[in-house]
There are 2 protein chains.
Amino acid sequence: MKKHVIGVDIGGTSIKCALVDINGKIKLKSGAPTDKSRGADSVFESIKAVAGAVLDAAEKNNLKVSAVGVGTPGSVDPETGCIAGGAENIPGWKGAPLVKELFKSFNIPVFASNDVTLNALGEAKFGAGRGKRDVFCIAVGTGIGGGIVIDGKVYRGAGDSAGEVGHMTVNLNGRRCNCGSRGCLESYASATAIAAEGAAACKKGGGELILEYAGGRIEDITAKSVFEAAKKNDPAAQAIVKKTGFYLGAGIANIINLFNPEVVIIGGGVSKAGGILLDSVKAAVGEYSLEINLKKAAVVLSKLNLTAGVLGAAALCWQEIEEN
Amino acid sequence: MKKHVIGVDIGGTSIKCALVDINGKIKLKSGAPTDKSRGADSVFESIKAVAGAVLDAAEKNNLKVSAVGVGTPGSVDPETGCIAGGAENIPGWKGAPLVKELFKSFNIPVFASNDVTLNALGEAKFGAGRGKRDVFCIAVGTGIGGGIVIDGKVYRGAGDSAGEVGHMTVNLNGRRCNCGSRGCLESYASATAIAAEGAAACKKGGGELILEYAGGRIEDITAKSVFEAAKKNDPAAQAIVKKTGFYLGAGIANIINLFNPEVVIIGGGVSKAGGILLDSVKAAVGEYSLEINLKKAAVVLSKLNLTAGVLGAAALCWQEIEEN
């Protein structure tokens with residue numbers, strides 16, 4: 001009887017769950033909306049329901065489940081298994097005894113870590129990083145996050161908060177960031193920053209196509225409007241994409257110089273812009289990376305879409321099972 | 001019979017060698033000048049002589065030697081054990097079959113890596129990082145280098161070139177660096193940059209004490225002259241130290257956000273400036289780090305001086321022996 005694990009991904013709008021084998025193959029799936037407004041207890045109930053359904057189905061199919069892995073907003077204290085911080089959008093989530101609560105329910109080992117970290121692990125093990133040992137994933141969405149895989153294993157850091165590449169300062173005296181610091185990569189290259197640049201361009205009287213893709217309303221401009229317009233050769237939109245790629249590439253060069261990875265994978269909503277973004281990313285990576293490190297480092301787009309989180313949560317289980 | 005290993009550190013002016021036990025205790029020492037000008041063969045002969053002398057002495061004392069570890073300028077190809085690059089100051093060193101050549105001579109396992117990386121490992125295992133699992137060491141001297149220790153083991157990267165923190169861009173449109181890139185930490189916070197700032201201050205008519213410590217000659221100003229003058233309250237010197245600390249601290253904050261380490265250790269010649277530098281480093285670390293990561297991360301000065309390299313080379317042996 002082959003072993004399986006359950007991967008759970010607590011996302012902003014839905015909780016995804018899957019039964020996964022050691023090769024990252026998904027055998028069963030379930031899901032539920034994330035009802036954040038009702039707080040931690042309600043989220044726990046949803047996890048128990050979706051993972052419980054998969055457990056039951058696995059049993060019926062005679063599949064042994066060895067562990068449950070969970071990717072969650074915020075960081076998980078490696079000692080206690082409680083939410084350590086950074087998940088302000090779910091009332092009561094900070095401090096919630098995630099691992100203990102789920103173990104009580106399932107009675108098999110439970111492992112948990114930050115969702116962005118586990119997305120990275122999923123992509124590294126079963127997506128664009130498959131077969132590589134040292135991988136950095138950067139997730140570019142509303143914010144910018146990241147995850148580090150070293151020697152094939154996720155590196156979580158001393159407080160489950162490694163990989164915060166969005167708050168790497170690339171411009172010391174630059175823009176003020178939400179985090180209170182200055183010149184963070186996130187304030188230049190996130191979807192939020194791209195949308196703001198798009199709106200600014202339209203206010204200055206350029207970017208007609210950006211505005212068109214936003215339904216004619218400046219306040220509705222998103223990163224997507226900018227990328228769509230850029231693909232149709234709107235000069236203002238193309239300039240924004242180029243500039244974004246430049247910042248992103250310089251940030252990725254820092255990663256390449258520091259980690260000397262085999263591959264850097266760009267994921268998240270912004271990576272959907274594809275080639276037009278990747279070209280300018282690669283130009284800046286070439287400009288800012290040390291040659292010896294650049295030689296080893298491929299820069300690619302992510303391959304997995306919505307499954308990276310559950311696969312990463314499953315991969316965390318395999319990693320922990322192997323270590324213990 | 002307790003096991004021992006030999007650590008060799010190929011420095012710019014001398015080759016150091018020591019017999020080391022598993023607790024990082026040095027039992028025997030030897031050394032020789034590094035005769036770089038005569039090229040790779042001459043360096044090989046010196047290594048064989050110093051390590052050979054320690055091997056013989058160990059045998060006479062009935063101490064078993066399990067392996068030889070070597071820290072070298074440049075990076076070492078993890079597959080072939082040859083020098084992969086970055087050691088231009090020794091003619092013929094690039095491409096030299098370091099591991100093979102020494103194995104032929106000693107007939108016990110030989111492990112090698114970059115000298116800065118192994119200095120970091122030595123400091124992490126047996127110096128200011130003793131007992132910590134996730135450690136980043138930054139060495140601030142003529143240039144700025146670094147080394148990463150994860151889960152108690154040195155992380156070398158895909159091409160033995162991880163930890164190049166000196167070429168992390170902190171100021172995208174900033175100063176041109178030797179490496180061809182822009183705004184690298186090294187171009188703001190190395191001893192070279194400090195000396196240049198000192199000279200510039202004197203040319204502007206300030207920094208009387210800086211000039212005094214340099215024997216009255218602007219061209220002889222070093223980082224040390226600046227630090228000495230700062231300790232005696234020269235305002236221009238103190239402003240330079242403060243600015244250096246600010247840049248260094250912002251760079252270290254990037255490390256803290258990315259790695260979430262337990263400790264960042266500052267070593268190299270510049271760390272000798274002590275408290276006056278560390279205070280401004282810590283202020284910038286506080287300003288640029290994420291709170292959750294900052295909580296876990298101590299920022300301290302290195303403890304080992306000249307022995308970090310040989311101890312790190314020995315620690316590499318213990319790590320490799322344990323893994324295989």
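How many residue pairs are in polar contact between chain A and chain B? In this predicted model the count is 26, with both residues of each pair at pLDDT 80 or more. A polar contact is a pair of N or O atoms within 3.5 Å; within protein, one must be able to donate a hydrogen and the other to accept it, and residues adjacent in sequence count only if both atoms are side-chain atoms.

**View 1. The contact between chain A and chain B.** Each chain contributes 44 residues, where contact means heavy atoms within 4.5 Å. About 3600 Å² is buried between the chains, 59% of it on carbon and sulfur atoms; buried area is the accessible area (1.4 Å probe) that two parts lose on being put together, summed over both. In chain A, the residues losing the most area to chain B are Leu172(A), Leu258(A) and Tyr288(A), together 20% of what that side buries.

**View 2. The relation between the two copies.** Chain A is superposed on chain B by a rotation of 180° with 0.0 Å of shift along the axis (RMSD 0.0 Å), by least squares on the C-alpha atoms of residues with pLDDT of at least 70 in both. This is the relation of a two-fold axis. The same surface serves both copies, as 100% of the contact residues of chain A recur in chain B.

**Notes.** Residues are numbered from 1 along each chain as its sequence is written, and chains are lettered from A and ligands numbered from 1 in the order in which they are written. Local features need pLDDT of at least 70, side-chain atom pairs count only at pLDDT 80 or more, and totals for chains, interfaces and linings use all residues, while side-chain values use heavy atoms, with hydrogens and water left out.
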